[in-house]
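Hello,

Here is the structure I promised to pass on to you. Have a look at it first, and then read on for my notes on what turned up.

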Amino acid sequence: QPRSGAMGSEAGGPRATTPGQQLRALFYVLPPAESSFRTVEEVPDYVEKSIPFFIAFIGLEFAVSWVQKSKLPGRINDGISSLSLGILSRLPDVLFRSVDLISYIYVWNNYRLFELPWDSPWTWYLTLLGVDFAYYWFHRISHEVNLLWAAHQVHHSSEDYNLFTALRQSVLQKYTSWIFNLPMALFIPPSVFAVHLQFNLLYQFWIHTEVVTKLGPLEWILNTPSHHRVHHGRNPYCIDKNYGGTLIIWDRIFGTFEAEDAKVVYGLTHPVNSFDPIMLQLRPLVHIWNTFLATPGFCNKLSVIFKGPGWGPGKPRLGLPEEIPVITGKEVPFNPSVPAYLNCYAVVHFTVIMDLYTELLATVTMLSQGTILLRIGFIILSLTSFGLLMENRQDKNHIIFFLLSLHVIYQILEIIRCLVFVGVYKLGHLRSQFSSLCYAYEVRY
């Protein structure tokens, strides 16, 4: 039967979802009867509404990991880095509509060949397969083309593997992924596509964990935590394997499947050793540019951009497998020693930024463009400052700004950030979701 906000509803604003529906959306088990909409405007923002569930599942993962292994599943510095990258990746959506939807709707309006019914379960299931198939090829090419890898590598840069890692996303990746979805715009309505684009992303959240081992027969069809652990490994047997989003069948069909075997060591083959979210986003592009300039020959320069990240003159397209660093099992993650008070400081202030970010999402339609830009600028400044503080670099040989160490410069940056907060907050351009915390924030800063 038609349900309110789903099949048979009239066009309008985004439809409300119940907590039960939102939870099932996280696992891609919200059926067509509850998640089919006539127009894009009616489609709920499932990703934004999942934030409380993200927090709840991260807490559950911590509890289960403590019971299973008597240790937490990650580190404060890496966790804040992952969350910072997740926030950073969503900030463009505050200003602009998703490029995936803009391009999709344009092709649908101008070039569609025929129109499948938006309220048919067959259309719903076909779109599930189509979105996941497109994601497989986008994901695979993102590992095999250096320019796309420069964006995607952000997600692989963590040396931990937990639910924080799932939120570690690239700002730039969305500006290349949209192309792979356009063939569906020739016949699948945008409203159906908009639902599955979110479901496919949400499903991939819960598979970023070590507390779930094997899932029996489901391992043959679905992408699972075990399969995705392999994908995040830097062991030679893990490289360029298991690209699926929701389904693992594409990897089995196209020869990129690998079962979990030896203990997986996570991260990039050449770790970046940083928690600065801006540097993590941009350094790979700088590396490509420098390599491009240093590589002789026009064709070789193009190969730097369009062949694999391991390519070099005289090497195959994806590089030489024997050049992948050997895993000894003794690898130590980048984990600078930071005083306990600094960890507490970073956690408390990051919590404030999470509050301000969530409030920005909730009120963006009521804010002026200037206020939105001011809030985004402050959030980016804060996330950068946190990353630099947690690196705690004290490079005594790097003397700049009248012989101040980098460590002191980072502290000065944090002082400036706090002063900016007080000024902007007093002027009314920053607001908490909780009015009772306003005075506490002023005192804290």
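Which residues line the largest cavity? Please keep in mind that this is a predicted model. The lining of the largest cavity is made up of R75, D78, S157, S158, E159, R168, V272, N273, S274, F275 and F334. By class, three of these lining residues are nonpolar, four are polar and four are charged. The volume of the largest cavity is about 80 Å³, and the count of cavities of 30 Å³ or more comes to one.

Domain 1 brings 18 residues to their contact and domain 2 brings 14 residues. About 1,400 Å² of area is buried between domain 1 and domain 2, with 63% of that coming from carbon and sulfur atoms. On the domain 1 side, E144, N146 and L147 stand out: they give 39% of the area that domain 1 buries against domain 2, more than any other three residues.

The second largest pocket also involves both of these domains, as domain 1 and domain 2 each give at least three residues to its lining. The space in this pocket is about 1,100 Å³. Its lining has 40 residues, and W149, T269, H270, P309 and G310 are the closest to the pocket centre. Three helices, α7 (146-156), α13 (277-294) and α14 (298-306), each provide at least two residues of the lining of the second largest pocket. Sorted by class, the lining of this pocket holds 19 nonpolar, 17 polar and four charged residues.

Last, a comparison with the database record. The unreviewed UniProt entry lists residues 178-199, 372-390 and 402-425 under "transmembrane region". How much of residues 372-390 is helix in the model? That span is 100% helix and 0% strand, and its end C-alpha atoms lie 27 Å apart. For residues 178-199, the chain is 45% helix and 0% strand, with 16 Å between the end C-alpha atoms.

Best wishes

Note on methods:
Residues are numbered from 1 along each chain as its sequence is written. This is a predicted model: local features need pLDDT of at least 70, side-chain atom pairs count only at pLDDT 80 or more; totals for chains, interfaces and linings use all residues. Side-chain values use heavy atoms; hydrogens and water are left out. UniProt positions are given in the numbering used here, feature names are shortened, and annotations may be inferred rather than shown by experiment. Helices (H or I, at least four residues) and strands (E, at least two) are DSSP runs, numbered from the N terminus. On a 1 Å grid over the protein atoms alone, a cavity is a set of points where a 1.4 Å probe fits but cannot get out, and a pocket is an open set with protein on both sides within 12 Å along at least five of seven lines; lining residues have an atom within 4 Å of a point. Grid points are joined across faces, edges and corners, and a volume is the space filled by probe spheres set on the points. Ala, Val, Leu, Ile, Met, Phe, Trp, Tyr, Cys and Pro count as nonpolar, Asp, Glu, Lys and Arg as charged, and the others, Gly among them, as polar. Domain bounds come from an automatic or database domain assignment. Contact means heavy atoms within 4.5 Å. Buried area is the accessible area (1.4 Å probe) that two parts lose on being put together, summed over both.
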